[in-house]
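Subject: Structure handover

Hello,

Here is the structure I said I would pass on. Please open it alongside this email; my notes on it follow below.

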Amino acid sequence: MWYKIFRTGCILFLKLFFRLKIEGRENLPKKSNFIVVANHSSFMDPFVVAAAIPAKIYCIASRSLYAFPQLKWALRKLDCLPTGASSECAIDLLVKNNIVGLFPEGGISRDGKLRDFKRGAALLAMKTGRPIVPCAISGTFEALPLKARFPRLVPISITICKPVFLLKEFEEVIDDTDLQEGVTRIKNAIKEKLNAKQ
């Protein structure tokens, strides 16, 4: 219930004030759950992803956010997973056909440029065999960069890219080369869409 309220609020807020445009919904897998990943240049990005994906997302959130009581309450109500001990829980959720979301840059970009991706999304995909759905978000850095106190009412858009499929691994330890190749494919999918919008 809490997530539905949250998502509805995100849609209304973003469409009303930021003319949110959502592209590529036809790329969402119809026969499988998936892992959502997106670039991260603003605190607004989780709201944009929630508005764009028409299903509940179990989002992996930075453990540091749980230090703030009000945020901690909200994150728990939305069934977010704190970083650090989220991997096994995320795998279990994916195996049970839920959707898991994360920002592979591991934090907000201070200059709006795409940073290096961490291996978490590729690892989850290779452990579960679920596809990754990359999303390219534009406009949130201009609307609310990291140190801004108030947002600017500029257009925001999100493009849902075609799924990235990584070969499922049954070994306990996954080869670093294979993981890095997966990370590169995910990042390139987002980078290509962001470059096309410039």
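In which helix is tryptophan 2 found? Tryptophan 2 belongs to helix H1. Before the details, please note that this is a predicted model.

Tryptophan 2 has a relative accessible area of 37%, so it is classed as partly exposed. Leaving aside residues up to four places away in sequence, tryptophan 2 touches Trp73, Lys77 and Leu78. Leucine 14 comes 12 residues from tryptophan 2 along the chain, and the C-alpha atoms of the two are separated by 18 Å.

Helix H1 covers residues 2-18, and phenylalanine 13 lies in it. The relative accessibility of phenylalanine 13 is 42%, and therefore this residue too counts as partly exposed. Phenylalanine 13 touches Phe18 and Met44, again not counting residues up to four places away in sequence. Between phenylalanine 13 and lysine 147 there are 21 Å from C-alpha to C-alpha, with the two residues 134 residues apart along the chain.

The chain as a whole

The chain has 7 helices and 7 strands. Their order along the sequence is α-β-β-α-β-α-β-α-β-α-β-α-β-α. The C-alpha trace spans about 50 × 40 × 30 Å along its principal axes. A compact globule of 198 residues would have a radius of gyration near 16 Å, and the chain agrees with that because its own value is 16 Å.

Buried residues make up 46% of the 198 in the chain. Of the contacts in the chain with a separation of 6 or more, 75% are between residues 24 or more positions apart.

Helix H2

How many of the 8 residues of helix H2 are buried? The count is 6, and helix H2, residues 45-52, is mostly covered. The buried residues in H2 are Asp45, Val48, Val49, Ala50, Ala51 and Ala52.

The crossing of H5 and H7 is right-handed. On the H5 side, the contact is made by Ala121, Ala122, Leu123 and Met126; on the H7 side, by Asp178, Leu179, Gly182, Val183 and Ile186. Sorted by class, the contact of H5 with H7 has 7 nonpolar, 1 polar and 1 charged residues.

In the other pair, helix H4 (residues 87-95) meets H5, with axes that come within 10 Å and cross at roughly 45 degrees. H4 is therefore oblique to H5. The crossing of H4 and H5 is right-handed. Ser87, Ala90, Ile91, Leu94 and Val95 are the H4 residues in this contact, and they meet Leu124, Lys127 and Thr128 in H5. The classes in the contact of H4 with H5 are 5 nonpolar, 2 polar and 1 charged residues.

Most residues other than glycine have a negative phi. Which values of phi do arginine 19 and asparagine 97 have?

For arginine 19, phi is near 50 degrees, a positive value in a residue other than glycine. Arginine 19 sits in the loop between H1 and strand S1 (21-23). Its relative accessibility is 55%, so arginine 19 counts as exposed.

For asparagine 97, phi is near 70 degrees, also a positive value in a residue other than glycine. The loop that holds asparagine 97 runs between H4 and strand S5 (99-102). Asparagine 97 counts as exposed because its relative accessibility is 55%.

Regards

Methods. Residues numbered from 1 in each chain as written. Predicted model: local features only at pLDDT ≥ 70, side-chain atom pairs only at ≥ 80, totals over all residues. Heavy atoms only, no water. Left-handed = near helix turned anticlockwise from the far one by under 90°. Helix = DSSP H or I, 4+ residues; strand = E, 2+ residues; numbered from the N terminus. Contact = heavy atoms within 4.5 Å. Nonpolar A, V, L, I, M, F, W, Y, C, P; charged D, E, K, R; others polar. Axes fitted to C-alpha atoms, helices over the stretch in contact; angles between N-to-C directions. Parallel < 35°, antiparallel > 145°, perpendicular 65-115°, else oblique. Rg over C-alpha atoms; globule rule 2.2 N^0.38 Å. Buried < 20%, exposed > 50% of the residue type's maximum accessible area, 1.4 Å probe, protein only.
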